[in-house]
Amino acid sequence: MTETTMNSAKPSLLRGFDLKAAGPAIALLILCLIGFLLNPAFLSEGNITNLLTRSAFIGIIAVGATFVITAGGIDLSVGSMAAVIAGVMIIVMNSAVDTFGTGVTTVLIGCGCSIILGLGAGLVNGFLTTKGKIEAFIVTLGTMGIYRSLVTYFADGGTLSLNYDIRGVYRPVYYDSFFGLPIPVWVFIVVSIAGWFLLNRTAFGRYCTAIGSNESVAKYSAIKVDRVKTLTYVIQGLCVSLATIIYVPRLGSASSSTGVLWELEAIAAVIIGGTVLKGGYGRIGGTILGALILTTIGNILNFTDMISNYLNGTMQGLIIIVAVWLQRGDWGRNKSAD
Amino acid sequence: MKTFTKFGALATAATIALTGWASADTIKIGVSYPTPTHAWAAGMNWHAEKAEERLEALYPDVDLILVNSPDPSAQASALEDLVSVHGIDALVVLPFESEPLTDPVLNVKKSGALITVVDRGLSQPGIEDIYVAGNNPELGRVSAEYMKTRLKDGDNIVVLRGIPTLIDNERFDAFMAEIEGSGINVLDHKHANWNRDDGFEVMQDFLSRFPDIDAVWAQDDDIAIGVVAALKQAGRDGDGMFVVGGAGMKETIKGIMDGNELVPVDVLYPPAMIATAMDVTVSAFKSNGPVAGRYILGATLITPENAASFYFPDSPF
């Protein structure tokens, strides 16, 4: 995998423009063009706003996943984690109504609770992976099942619904705009910038890359591997809790079907964006494009009836593979360089 | 041989002692269904518990044993236990899946128990004595019939479907058959997987794509909740726009009772059908009339007039 890193780094220095690194951006542009040709309404302001807002959930979670994957880990529990955090938030806010009324305080209590739960859940994943010495895949597979069944249990098999009056106070967090952009998009932007800075401009980001490339070497280089790895899961947990905070006001409910398969969408967004699944190389910018690509595919499929509904999964799978092939495959590579 | 007989006699004595003296004239009915993991099933669980309370209070000699199982093989084991441990006289079963549970149910039948199958049929005919189910094609047809009363020639509707399954196809095909020839245009249909989030997103896209939509068939109450949120976000919830869901969620029915114009009706596919099945099964032991047969429940159109009789505020669904 280091070879890939080298290959993608070299031409960018030589030519100034790396076609492969631009792969996700090209894929997104092509998708948008297809969408526009199918139906000009695709580029209407309303649809673009919907697309960006929708991407925010997966996008924010995927920014966290970029850290985990760059450091050589994986987190399968994020979808279930989002569901259980959403569920507990709703329970907490509903029961806080008696004491704190239906105002902003209650919403803030809910959000605080979400962040604490997210950090806690991330810490559990990280701690079990590093100190427990269990593979991340197994740890998070386990917590995925636990969180999913917990939300079913809290909801008594049904759906948890937010108190109607709090919904009125909380609703603007999803539906309102600020300088022309919906609030979830702003959160997405802030998280992305913070993530980019952390990964590319801090020692912590370097450590993540180093651990993902070669954990033993990182350890001998006096990097506190366990601490850094645990922190990546904590960041992931924080991202999940932020995504949940903007998800809950959308429909004001949580059930066992909340956040199903979000983990795979987040991982797909990260990989489409150019981060290497084995770790050692991560790109936040790519991740954001990856999240946008995934949402755009679903959006375009809803904009046409040319493709049978039953083939939606096929189209999504094909586009994901093509998008990754665009930046990994042999095409366009100088033969003599091989 | 003698020792064996002795052991056998001892074992029988022990079993009688364990199950209690009343077992001789107690009618034991096992009720087996999947562990609730979604709201509809949670509603079914609730109605099963209510029916158990009610029937056991009504008939002191009836003992209903409720068991829920997380997967098909667990349900098969649960059925074996109901026969071997409880020695049931009748079984009410909502099979997890038809194929893997056909044989286990057949084995229960061989033990001499009366069999009532609910909602999902077995893959072999003739096993069940009583069959109780909702009516999927009728749900589609009744929904379309209502659409026709509200819309005129040239009006546009969009359809949100469930998870691609036989149930979804039956509902959708019946709906389309009834709409045909009415002049109402079905602009497009997309799967929203009986899920609020998907309902929201698919409806958002329909709204961006089609400037003129007069009504929405959401097929399911969960999808309808997402659809309503999308309509409100886009400010297109006025002008006589309406959404028809299905199933009979308590919030939806409450809305109908309160005169909600956006979701004015609902079409019943009731989780309470398990209670119907339990009632019929108990009647098989108590009624002087014959009860064996197929009970296909109506897909009743719930309107403000009749909504109260389908409203269960304490049920999770």
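Mentor: Keep in mind that this is a predicted model. Start with helix H3 (residues 45–70) of chain A, which packs against helix H7 (residues 196–209) of chain B at an angle of about 160°, with the axes 9 Å apart.

Trainee: Are H3(A) and H7(B) roughly parallel or roughly antiparallel to each other?
Mentor: Angles over 145 degrees count as roughly antiparallel. H3(A) and H7(B) are therefore roughly antiparallel. Their crossing is left-handed.

Trainee: Which residues make the contact between H3(A) and H7(B)?
Mentor: From H3(A) they are A:Gly46, A:Asn47, A:Asn50 and A:Arg54, and from H7(B) they are B:Glu201, B:Gln204 and B:Ser208.

Trainee: And the whole contact between the chains, how many residues does each chain put in?
Mentor: Chain A puts in 25 residues and chain B 28 residues. On the chain A side, at least two residues each come from H3, helix H12 (225–251), strand E4 (253–255) and helix H14 (284–302).

Trainee: Which element of chain A gives the most to the side that touches chain B?
Mentor: H3(A), with four residues.

Trainee: Let's go to chain A by itself. How many helices and strands are in it?
Mentor: Chain A has 15 helices and four strands. Its C-alpha atoms fill a box of roughly 70 × 55 × 40 Å along the principal axes.

Trainee: What about contacts along the sequence in chain A?
Mentor: Take the contacts between residues at least 6 apart in sequence: 80% of them join residues at least 24 apart.

Trainee: You mentioned H12(A). What does helix H4 of chain A do with H12(A)?
Mentor: Helix H4 (residues 78–100) of chain A packs against H12(A) at an angle of about 55°, and the axes are 9 Å apart. At that angle H4(A) and H12(A) are therefore oblique to each other. This crossing is right-handed. On H4(A) the contact includes A:Val78, A:Met81 and A:Ile85, and on H12(A) it includes A:Gln236, A:Val240 and A:Tyr247.

Trainee: One residue I clicked on is A:Val104. Is A:Val104 buried or exposed?
Mentor: A:Val104 is found in helix H5 (residues 104–130) of chain A. A:Val104 has 12 within 10 Å, so it is exposed. A:Val104 and A:Val169 are 65 residues apart in sequence, yet their C-alpha atoms are 6.8 Å apart in space.

Trainee: Now chain B. What is chain B made of?
Mentor: Chain B has 10 helices and 12 strands. Its C-alpha trace spans about 85 × 35 × 35 Å along the principal axes. Of its 317 residues, 46% count as buried.

Trainee: Where do I find an open sheet of four strands?
Mentor: In chain B, with the order E7-E6-E8-E9 and parallel pairing. Strand E7 (185–191) and strand E9 (242–244) of chain B are the edge strands, each pairing on one side only. On average, neighbouring strands of this sheet are turned by 20° against each other, direction ignored.

Trainee: How many bridges are there between E6 and E7(B)?
Mentor: Strand E6 (residues 156–161) of chain B pairs with E7(B) over five bridges, in the parallel sense. B:Lys190 in E7(B) is the bridge partner of B:Leu160.

Trainee: Which helix lies across E6, E7 and E8 of chain B?
Mentor: Helix H6 (residues 166–179) of chain B lies across E6, E7 and strand E8 (215–217), and runs at about 175° to E7(B).

Trainee: What does E3(B) pair with?
Mentor: Strand E1 (residues 27–34) of chain B runs parallel to E3(B) and is joined to it by four bridges. B:Val31 has B:Val92 in E3(B) as its bridge partner. E3(B) also pairs with strand E4 (residues 114–118) of chain B in the parallel sense, over four bridges. There, B:Leu91 has B:Ile115 in E4(B) as its bridge partner.

Note on methods
Residues are numbered from 1 along each chain as its sequence is written. Chains are lettered from A and ligands numbered from 1 in the order in which they are written. This is a predicted model: local features need pLDDT of at least 70, side-chain atom pairs count only at pLDDT 80 or more; totals for chains, interfaces and linings use all residues. Two residues are in contact if their C-beta atoms, placed from the backbone, lie within 7 Å. Two strands pair if DSSP finds at least two bridges between them. Axes are lines fitted to C-alpha atoms, for helices over the stretch in contact, and angles run from 0 to 180 degrees between N-to-C directions. Angles under 35 degrees count as roughly parallel, over 145 as roughly antiparallel, 65 to 115 as roughly perpendicular and the rest as oblique. A crossing is left-handed if the near helix is turned anticlockwise from the far one by less than a right angle, and right-handed if clockwise. A residue is buried if 20 or more other C-beta atoms lie within 10 Å of its own, exposed if 12 or fewer, and partly exposed in between; C-beta atoms are placed from the backbone.
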